[in-house]
Amino acid sequence: MVLAEKAFDMKAPRLRFHGAAQSVTGSCFEIETEKSRILIDCGMFQGSKSERELNYGAFPFPPDRIDAVVLTHAHIDHSGLLPKLVKHGFSGPIHATPPTVDLCSVMLPDSAHIQEMEVENLNRRNAQRGRDLVEPIYTKDDAAACMLLFRASDYDEWFKVSDDIRARFWNAGHLLGSASVELEIGNMDATRPMRLLFSGDLGPQHKLLQPDPRAPADLDYLICESTYGDRERGEVTPDSRRSLLQAEVKRAADMRGPLIIPSFAVERTQELLVDLHRMMLSGAVPPAPIIVDSPLATRASAIFELHASEIDEGAALVKALNSGDIRFTETVEQSKAVNKLTGYLIIIAASGMCDAGRIRHHLKNNLWRRNATILMVGFQAQGSLGRILLDGAERVRIQGEEIQVKATIRQLDLYSGHADATELVDWVRERMPVSRGIFLSHGELQAMGALKARLGTLVAPDRIVMPQLDEGFDLGEHGAHHAEEGRTPRLPPEKVAHLDWHNDLSKLLLDVNDAILKQADERGRHTIIRRLRRALPEPEN
């Protein structure tokens, strides 16, 4: 893409990337025109602690000056900071599809509840240690206030976003209600408005509950996700997916231990329930209790059942949700009781990247067991506990405790909600021509680079950009230009989607403890401790 240095021309819309920039979370794109200022998504950051801390900081824009939000879908990394936006002054409409509105009505209050509970526990520890108390990012009251601003729009119908922007949703095939967002801005070249398309998260072919993605062609600019821009799944069919899941379930059954599946509570969990129920009903795998330990998954499943007529395999989902094989927990006491069960059973719990929620308790109780199996069924961001386990960690720290990893760690990527590299290229090809340029978002740097190379056969490489966090571009008639705003990004590029000092510290504490315990006597242990103390700076008076 042409990226010549250029002064800010207020006639050109400005696009800023405030999240999902060389990372897969925190989706948030700002568009500023002469007449309006809107957001596409306002998501929560996940992954390393450095990235998660961005959720607590100030927005890189004034929330009370945002006119509207257009939301691609309900996943928390796309919607999770909307209550914070409202808390800090936003009062405009939030446009979304009807199923997305319904899902957000349970997901955002659930997110607020998790934050309130985690902050309560953290403040209890902080008080004991004499540290400052902290506040949650937002509360359940903020989430309730946020829901009052939602406005539902169906697929394929134009709606007004602001004075000079209109939009319409296209089914992205990623999640119930997920959408790609087509925008028309003003009348930039006196013949037609500027046309932008934000892909949102794109679903793969043969996704169990969703259709293949749809979207228009002949665009000025395309903003495309790149989560799996460097990965190929090969040919996937419903039968081949179930066959691979069947093998994992049988392996866990043969070990006579629990099969624990960290899973996003929305869509992924429901897909797994359909396939597990079918396999047990047919006798393809040994019968076992299937425990869904997630209040959010319970409420989300009810919304899926409400929209069953809009879902591929909706009848099969309703049958699975109402079968006797599947048990939903609600209370903390019911969740704790799950850990008293022994032998072969299946536990599905959030979060999908193992960084929050009830899954952490199940990992604490089972990672050290040799007969336990942990099955990852989705993308694991760099710095997340799920990624650390997949990368072969022998020990991890969970909630301040050291846990030995003796369980079998497995991955089955066929339940991912994201298109692979070939599917992404095919989707972009169907959007051609894209006359002015492509921005790659929602992917780690390696995945973005690989997708850019693949797309070089469709678009000139200098018209494909991989934006960094908080970077802005003026969308001109002949290409995009860097917006020189003198802003400092909230997180340097080298800290985005990378292991940070918190990860290093956690590993160091594990290594120190291991080295001390391996010493043959008290003298050896004291020697290591003295050496470590000498390396520390002198305490301040």
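**Close-up 1. Helices α6 and α7 cross in this predicted model.** Here we look at α6 (residues 238-254) and α7 (residues 268-282), whose axes come within 11 Å and cross at roughly 70 degrees. Since 65 to 115 degrees counts as roughly perpendicular, that's the label for α6 relative to α7. On the α6 side of the contact you'll find Arg-241, Arg-242, Leu-245, Gln-246 and Val-249. They meet Leu-272, Asp-275, Leu-276, Arg-278 and Met-279 in α7. Sort the residues of this contact by type and you get 5 nonpolar, 1 polar and 4 charged.

**Close-up 2. An open sheet of 8 strands.** Walk across the sheet and the strands come in the order β6-β5-β4-β3-β2-β1-β22-β23, with mixed pairing. At the edges sit β6 (150-152) and β23 (479-482), each pairing on one side only. From one strand to the next, the twist averages 25 degrees.

**Close-up 3. Strands β4 and β5, with helix α4 packed on the sheet.** Strands β4 (residues 68-70) and β5 (residues 94-96) run parallel and are joined by 2 bridges. Look for Val-69: its bridge partner in β5 is Ile-94. Helix α4 (residues 98-129) packs on the sheet and touches β5 and β6. The direction of α4 makes about 150 degrees with that of β6.

**Close-up 4. His-307, a buried loop residue.** You'll find His-307 in the loop between α8 (295-306) and α9 (314-321). His-307 counts as buried because its relative accessibility is 7%, and the cut-off for buried is under 20%. Leaving aside residues up to four places away in sequence, His-307 touches Pro-99, Asp-102 and Leu-176.

Conventions: Residues are numbered from 1 along each chain as its sequence is written. This is a predicted model: local features need pLDDT of at least 70, side-chain atom pairs count only at pLDDT 80 or more; totals for chains, interfaces and linings use all residues. Side-chain values use heavy atoms; hydrogens and water are left out. Helices (H or I, at least four residues) and strands (E, at least two) are DSSP runs, numbered from the N terminus. Buried means under 20% relative accessible area, exposed over 50%, partly exposed in between (1.4 Å probe, protein chains only). Contact means heavy atoms within 4.5 Å. Two strands pair if DSSP finds at least two bridges between them. Axes are lines fitted to C-alpha atoms, for helices over the stretch in contact, and angles run from 0 to 180 degrees between N-to-C directions. Angles under 35 degrees count as roughly parallel, over 145 as roughly antiparallel, 65 to 115 as roughly perpendicular and the rest as oblique. Ala, Val, Leu, Ile, Met, Phe, Trp, Tyr, Cys and Pro count as nonpolar, Asp, Glu, Lys and Arg as charged, and the others, Gly among them, as polar.
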